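The following note sets out some points for discussion. Please read each one with the structure in view.

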Amino acid sequence: MKTLAVVSHKGGTGKSTLSIHLSVQAQSEGRDTLLVDLDNNSSTVAEWASIRTDKQPLVVTAQVSDITELQQQATDEGFELLILDCPPYLNDDTDLITKLADFSVLPTSPRFADICTLPRGIDKIHQPYSVILNSCTPDPVNKTSFKTEQVFQILNDSNIPVSPVHITRLEAFTESLNYGKGVTEFQSNSKASKQIKTLLDWLYTVA
Ligand SMILES: Nc1ncnc2c1ncn2[C@@H]1O[C@H](COP(=O)(O)OP(=O)(O)O)[C@@H](O)[C@H]1O
Ligand SMILES: [Mg+2]
């Protein structure tokens, strides 16, 4: 079983959004997936699950202190993927969680305020991990926007690992959640769906 931790230094960066869409896509590719809501304050994943009719991927809420046991249980029950949607901070809990994970991702927007605070606590994340640029400005000709490319280069130059797959700011990512769906179920051929599929493929090459 692979364990993927989705972490970040602040709220609103897209942890829950990416956790949900990646879980749904992984499940639809036939990988039995357990999605864990570890953010007891926001509970976005649990709320989404409460309006979802489909029972897969399985969603549970948990405390960080339960995570070792939960990972063992998920392995014993034959899950192939465990996705941990983490609380909005990087601290000793992050250290524990990302040590357990095969790979961790840190979504952030490529905007000034988010990038400025990014280095804070980043040493709490165990390798291997990667920053994912999320909510990037959509480009009309489907190219990476100049700003996204610029931030990608800055992170690269700072030796902060950053995914080559970027996620654009698209309404479909938000809208699908209102229906208890992942975007790949909601609009399977959309640009948003293609990005999630590409991101999951990439994660399987690195994790
Ligand atoms: N790529 C995206 N495109 C559009 N909206 C997004 C995107 N990523 C996140 N959002 C929206 O941003 C808000 C915060 O996302 P969320 O996943 O809840 O962040 P976090 O879990 O890190 O606190 C939500 O309203 C979500 O729908
Ligand atoms: Mg969240």
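**Notes on the predicted model**

1. Strand β4 is covered on both of its faces: Leu81, Ile83 and Asp85 on one side, and Leu82 and Leu84 on the other, are all buried. This is a predicted model, and the remarks below should be read accordingly. In a regular strand, side chains point by turns to one face of the sheet and then to the other. Counted residue by residue, five of the five residues of β4 are buried.

2. Which strands pair with β4? Strand β1 runs parallel to β4, and five bridges join the two. Within β4, leucine 82 is the residue that stands opposite threonine 3. Strand β2 also pairs with β4 in the parallel sense, again over five bridges. Here aspartate 37 stands opposite aspartate 85 of β4.

3. Strand β2, residues 33-37, has a further pairing, with strand β3, residues 58-61; the sense is parallel and there are four bridges. Leucine 34 has leucine 58 in β3 as its bridge partner.

4. The largest nonpolar core comprises 31 residues. Val36, Leu38, Leu84, Val131, Leu133 and Leu155 have the most contacts inside this core. Two or more residues are contributed by each of β2, α3 (67-76), β4 (81-85), β6 (129-133) and α6 (146-157). What does leucine 38 touch, once its neighbours within four places in sequence are left aside? Leucine 38 is in contact with Ala62, Gln63, Val64, Ile67, Leu84, Asp85, Cys86, Pro87 and Ile97. There is also a second, separate core, of 28 residues, which includes Leu18, Val59, Phe103 and Ala172.

5. Is serine 130 buried or exposed? This residue lies in strand β6. Serine 130 has a relative accessibility of 3%, and buried means under 20%, so serine 130 counts as buried. Apart from neighbours within four places in sequence, serine 130 is in contact with Phe103, Ser104, Val105, Leu106, Pro161, Val162, Ser163 and Trp202.

6. How many cavities of 30 Å³ or more does the structure hold? There are two of them. The largest cavity has a volume of about 70 Å³. Its lining consists of Lys2, Thr3, Leu4, Leu81, Leu200, Leu203, Tyr204 and Ala207. The elements that supply two or more of these lining residues are β1 (2-6) and α9 (191-206). Leu81, listed in this lining, is also one of the buried residues of β4.

7. The second largest pocket holds about 200 Å³ of space. It is lined by 13 residues, and those closest to its centre are Thr17, Asn134, Ser135, Phe173 and Thr174. Helices α1 (15-28) and α7 (171-178) each provide at least two residues of the lining. Which element gives the largest share of this lining? That element is α7, with three residues.

Notes
Residues are numbered from 1 along each chain as its sequence is written. Chains are lettered from A and ligands numbered from 1 in the order in which they are written. This is a predicted model: local features need pLDDT of at least 70, side-chain atom pairs count only at pLDDT 80 or more; totals for chains, interfaces and linings use all residues. Side-chain values use heavy atoms; hydrogens and water are left out. Two strands pair if DSSP finds at least two bridges between them. A nonpolar core is a set of buried Ala, Val, Leu, Ile, Met, Phe, Trp, Tyr and Cys residues joined through side-chain atoms within 4.5 Å. Buried means under 20% relative accessible area, exposed over 50%, partly exposed in between (1.4 Å probe, protein chains only). Contact means heavy atoms within 4.5 Å. On a 1 Å grid over the protein atoms alone, a cavity is a set of points where a 1.4 Å probe fits but cannot get out, and a pocket is an open set with protein on both sides within 12 Å along at least five of seven lines; lining residues have an atom within 4 Å of a point. Grid points are joined across faces, edges and corners, and a volume is the space filled by probe spheres set on the points.
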